[in-house]
Amino acid sequence: MKEHLPKQRRVETVSFEFNGQKMHVSVGVYPDDRPGEIFVVVGSVGSPLRESFEAWARLASKALQRGVILRDIIGSIKDTRDQRGKIKCEGTGLDKVEAW
């Protein structure tokens, strides 16, 4: 069942560099400090990089509002590998977001 966030809520933002791109991740939290929504800004408007991260953030937000733990959400993408078997998400700053 979806747990709605209050209309006014605290939001924290972390900024870091990812593959030479400045990235900003904002996390809106419930009154008890649980994360409830994620917004990601990276790359230019309409770029595949930005659209991919925005889509992930929307899915992560929906999962958070339905009780999935942020650590589980991030853990599922940290294990993503490219064709060479290299982990693609390490060092992207997800560890900063995962701290919630």
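Is glutamate 54 buried, partly exposed or exposed? Glutamate 54 counts as partly exposed, at 28% relative accessibility. Here buried means under 20% relative accessible area, exposed means over 50%, and partly exposed lies in between (1.4 Å probe, protein chains only). This is a predicted model in which local features need pLDDT of at least 70 and side-chain atom pairs count only at pLDDT 80 or more, while totals for chains, interfaces and linings use all residues. Residues are numbered from 1 along each chain as its sequence is written, and side-chain values use heavy atoms, with hydrogens and water left out.

**Figure 1. The whole protein and its order of elements.** The protein contains 3 helices and 3 strands, and along the sequence they follow the pattern β-β-β-α-α-α. Helices (H or I, at least four residues) and strands (E, at least two) are DSSP runs, numbered from the N terminus. Of the 100 residues, 36% count as buried. The protein exposes about 6500 Å², and carbon and sulfur atoms supply 51% of that area. Accessible areas come from the Shrake-Rupley method with a 1.4 Å probe; for residues, only the protein chains shown count as cover. A contact means heavy atoms within 4.5 Å. Among contacts between residues at least 6 apart in sequence, 37% join residues at least 24 apart.

**Figure 2. Confidence along the model.** The predictor's confidence in each residue is pLDDT, on a scale from 0 to 100. Its mean for the protein is 82, and 77% of the residues reach 70 or more. Confidence is highest in S3, at a mean of 92, and lowest in helix H3 (residues 94-98), at a mean of 57. Where pLDDT is low, the predicted coordinates should not be read in detail.

**Figure 3. The largest nonpolar core.** A nonpolar core is a set of buried Ala, Val, Leu, Ile, Met, Phe, Trp, Tyr and Cys residues joined through side-chain atoms within 4.5 Å. The largest one has 18 residues, of which Met23, Val25, Ile38, Val40, Phe53 and Trp56 touch the most other members. Two or more residues come from each of strand S1 (11-18), strand S2 (21-29), strand S3 (35-42), helix H1 (48-64) and helix H2 (70-78). H1 gives the largest share, 5 residues. In soluble globular proteins, nonpolar side chains tend to be buried together. Leaving aside residues up to four places away in sequence, valine 40 touches Met23, His24, Val25, Phe53, Glu54, Trp56 and Ala57.

Figure 4. Glutamate 17 is placed in strand S1, and glutamate 37 lies in strand S3. Glutamate 17 is exposed, with a relative accessible area of 54%, whereas glutamate 37 counts as buried at 9% relative accessibility. The C-alpha atoms of glutamate 17 and valine 42 are separated by 9.3 Å, and these residues are 25 apart along the chain. The side chain of glutamate 37 is joined to that of arginine 9 by a polar contact of 2.6 Å. A polar contact is a pair of N or O atoms within 3.5 Å; within protein, one must be able to donate a hydrogen and the other to accept it, and residues adjacent in sequence count only if both atoms are side-chain atoms. Not counting residues up to four places away in sequence, glutamate 37 touches Leu5, Arg9, Ser26, Val27, Gly28, Ser61, Leu64 and Gln65.

Figure 5. A salt bridge is a side-chain nitrogen of Lys or Arg within 4 Å of a carboxyl oxygen of Asp or Glu. The whole structure holds 6 salt bridges. In one of them, arginine 10 pairs with aspartate 33, the closest N and O atoms being 2.4 Å apart. This pair links distant parts of the chain, with arginine 10 in the segment before S1 and aspartate 33 in the loop between S2 and S3, 23 residues apart. Arginine 10 is partly exposed, at 35%, and aspartate 33 is partly exposed, at 44%. Aspartate 33 has a positive phi of about 75 degrees although it is not a glycine. Arginine 34 forms a salt bridge with aspartate 32, with 2.8 Å between the closest N and O atoms. A network of salt bridges links Glu3, Asp32 and Arg34.

Figure 6. Glutamate 54 and arginine 50 both lie in helix H1, 4 residues apart, about one turn of the helix. Their side chains meet in a salt bridge (3.2 Å, N to O). Arginine 50 is buried, with a relative accessible area of 16%, while glutamate 54 is partly exposed. Side chains of opposite charge can pair when their charged atoms come close.
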